[in-house]
Amino acid sequence: MAVEENSFLLTTVDALVNWSRANSLWPLAFGTSCCAIEMMMASTAARHDIARFGAEVVRPSPRQADLLIVAGTIVKRMASRLKRLYEQMPEPRYVMATGSCTIAGGPFYYNSYTTVRGIDEIIPVDVFVPGCPPRPEGLFYGLLVLQRMIKEGESVAQPGVRRKPVMAALPPAMTLKDIQKEIAALLVERSEVKTRGVSPNRIWEERA
Amino acid sequence: MIEVGSLKARMESTPGGLKTEEYFVNMGPQHPSTHGVLRLVLKMDGETVREVIPVLGYIHRSIEKIAEHLNGRQIVHLTDRMDYLSSAMNNWAVSLAVEEALQIELNPRIETIRTIVAELERIQSHLLWWGVLGIDLGAVTTFFYGFRDREMITDILEETTGARLTLNYIQPGGLMFDIHPHFVKRVKEVLAHLKIKICEYETLLSENVILQNRLRNVGILTSEKAISMGSTGPVLRGSGVALDLRKQKPYGVYGSVEFDVPVGSVGDSWDRYWVRVEEIRQSMRIIEQLIDNIPEGKFMVMKPAKKLTLPKKSYFGQVETARGILGVYIQGCEKEEPHRVHFRSPNFNNLWVITQIAPGGKMADLVATLSTLDLVIPDIDR
Amino acid sequence: MSEREATIFSLIQSCCSEVILNEGSGSFSIQVPSEKLVFVMEHLKKSESLAFVMLLDHLAVDWKEMGEFELVYQLYSFKLDQRIEVTTKIPRAIPNAHSVSRIWPIAEWQEREVYDLFGIYYINHPDLRRLFLEDDWKGFPLRKDYEDPFMLELVKE
């Protein structure tokens, strides 16, 4: 059966699939240096709780993960390992690069004979989170941006079509309270799927 | 007396004997319990470790080469990223070497604040180690407690320095900023909180039978071996050698405060554990003596625009970080950029201890031993 | 130089007269001819009055203009509570030095690091391999004449 592009059925299924994908990201923690401590702080430790975004199941194995969080400098010797881990992850897979080292080499840009200047030279990246190291709030902001991208991005009709990587930089002159407020607002706003006037709840109601 | 045989002896007496085959297991470079990107190639016989071959270089960022192109002030920010859990102490080591080269005299205010910040860092580093040790041995609760209290200290440091982890606070000639007006009040609050909590943690983890069994008589490092391997810090003190630069060669205001150097007796993992927990208490004692009387004065004695031209001489600045002695060797050559910078990192020497104490033990004990050595891999590789 | 350092220096000189004081260092430092290095080091560790039992650090400095490598050893003695710097110079054209890993086991790995970054070949080393870089890496990166197209130079104005 040929389906029309942008048909009602596909867009609704797309929205549902993307909504569930975005809210159940299982990260593979690839921490190499300082950013790993802040990632630990954000993901599993006392004050912050990444489970609010459905991403608390940190996997040590690439086969069960769909979000690769690269936290820390990647050097030439590690590059092949990173690529291999990425290739072992099942589709759909997303990559989040945290810290300035993974964005462009950070403080090790000049005169370094080993540091890779940005991991997008090795693997495709979806979200960059700046900071040296980024605060846990910055990591959450990056995660929310990624969730938004997933919800709006890929479709069943065109699988694998991805947007260009974005920089999830916190706007300047923003205080911690602003970030927390924005995260809270985003959580409320993004917890529901918005398709053209049809919410997933109504689909189920109609079917019943 | 009739000797009773065993199954093993019976099996060995069969023609050809009992053969066990040794094999290699690759642990790392991306492994949760190696605390970073350390790779260990293990020669195993069943569950028993026969040989440990550490493979390094997975985070070798060529800091020493980069430092040859920067001036004395700029090198400091690279050291933050080496041993990121004791970044203030790392900054201090470079500052000591540069100050010795330029013969800069500091005022008591700078020295006192440096000491307090370094001790706060030491506490948060040991708290993180404590939490992660629990998770390595299967106790998840400690992780939450350790990080909760560590976060309080990070908040204080953030107020003053603007950074949570990579402080970049101690600079040649003084400090980056003055302390925050709330600094003294909040440090006192945290100390009062920690004092109660440390006792609670002792009952929670230290008195736990499982932890005692996992750590006692595991990974014994004798004092002779520890000295010949050049290990320092809690690893050496756990083996019963009281080498602490804060006592031996006091820098900052360590000479005028009272504190004890805890030492172990056997040198097993438990001693290293106990030494670190005790060090948290001693650090609190040091801060308590200093926090009420921080002298008045400038926080920077040098003009920021001053050129740091290093004379053609070599300087060795050393401090006691949370993991041992960090030495910074700077060779100047009448220019702003040094001719050579070398970091004597405490973790480098502490790592190789594992090749001496792990063989003969079980695989699970290797994890416990690694955890009590408290390695930070970017500091080894630099 | 303090009084204690002067006595230590005279004790060292009594075993090997070719030892001289190193003026180019901010701390107590001696210079030893490279062929006498192992002999002096053994004396420093085994002599009861000195007992420098701990090798804190080992590094190399590249003096390209003078055509020399300077090897620096930092030793520590618990008995004297004293740190000493031992330096020796070897020609840049023939970068061979004697290994001290039989005296201090930790030297095995410290020398591997120096070999990796400077290309100094240690005689009698039990396991001379690269430490940080891959085995097939070309060149020795901390030498002053190291060139790598991968490395970016910051051009200062």
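The accessible surface of chain A comes to about 9,900 Å², and 55% of that area belongs to carbon and sulfur atoms. The model is a predicted one, and within it buried residues make up 50% of the 208 residues in chain A.

**Chain A**

- The secondary structure of chain A comes to 7 helices and 5 strands, and from the N terminus on these elements run in the order α-β-α-β-α-β-α-β-α-β-α-α.

**Chain C with chain B**

- The size of an interface is often given as the accessible area lost when the parts come together.
- Chain C and chain B bury about 3,500 Å² between them, with 60% of this area on carbon and sulfur atoms, and the contact takes 44 residues from chain C and 41 residues from chain B.
- Across the interface of chain C and chain B the rule finds 2 salt bridges; one of the salt bridges in the model joins Arg382(B) to Glu113(C), with the closest N and O atoms 2.5 Å apart.

**Chain C with chain A**

- Chain C and chain A bury about 1,200 Å² between them, of which 63% is on carbon and sulfur atoms, and this contact takes 14 residues from chain C and 11 residues from chain A.
- Across the interface of chain C and chain A the rule finds 0 salt bridges.

**Helix 3 of chain C**

- Helix 3 of chain C is followed by Gly119(C), whose phi is positive, near 70°.

**A surface patch formed by chains A and C**

- Tyr109(A), Tyr110(A), Leu152(C) and Leu154(C) form a nonpolar patch on the surface, and together they have about 320 Å² of accessible area.
- Leu154(C) is found in the segment after strand 7 (121–123) of chain C, and because its relative accessibility is 40%, Leu154(C) counts as partly exposed.

How values were computed: Residues are numbered from 1 along each chain as its sequence is written. Chains are lettered from A and ligands numbered from 1 in the order in which they are written. This is a predicted model: local features need pLDDT of at least 70, side-chain atom pairs count only at pLDDT 80 or more; totals for chains, interfaces and linings use all residues. Side-chain values use heavy atoms; hydrogens and water are left out. Helices (H or I, at least four residues) and strands (E, at least two) are DSSP runs, numbered from the N terminus. Patches are made of residues with over 30% relative accessible area and no salt bridge: like charges are joined within 9 Å, nonpolar side chains (Val, Leu, Ile, Met, Phe, Trp, Tyr) within 5 Å. Accessible areas come from the Shrake-Rupley method with a 1.4 Å probe; for residues, only the protein chains shown count as cover. A salt bridge is a side-chain nitrogen of Lys or Arg within 4 Å of a carboxyl oxygen of Asp or Glu. Buried means under 20% relative accessible area, exposed over 50%, partly exposed in between (1.4 Å probe, protein chains only). Contact means heavy atoms within 4.5 Å. Buried area is the accessible area (1.4 Å probe) that two parts lose on being put together, summed over both.
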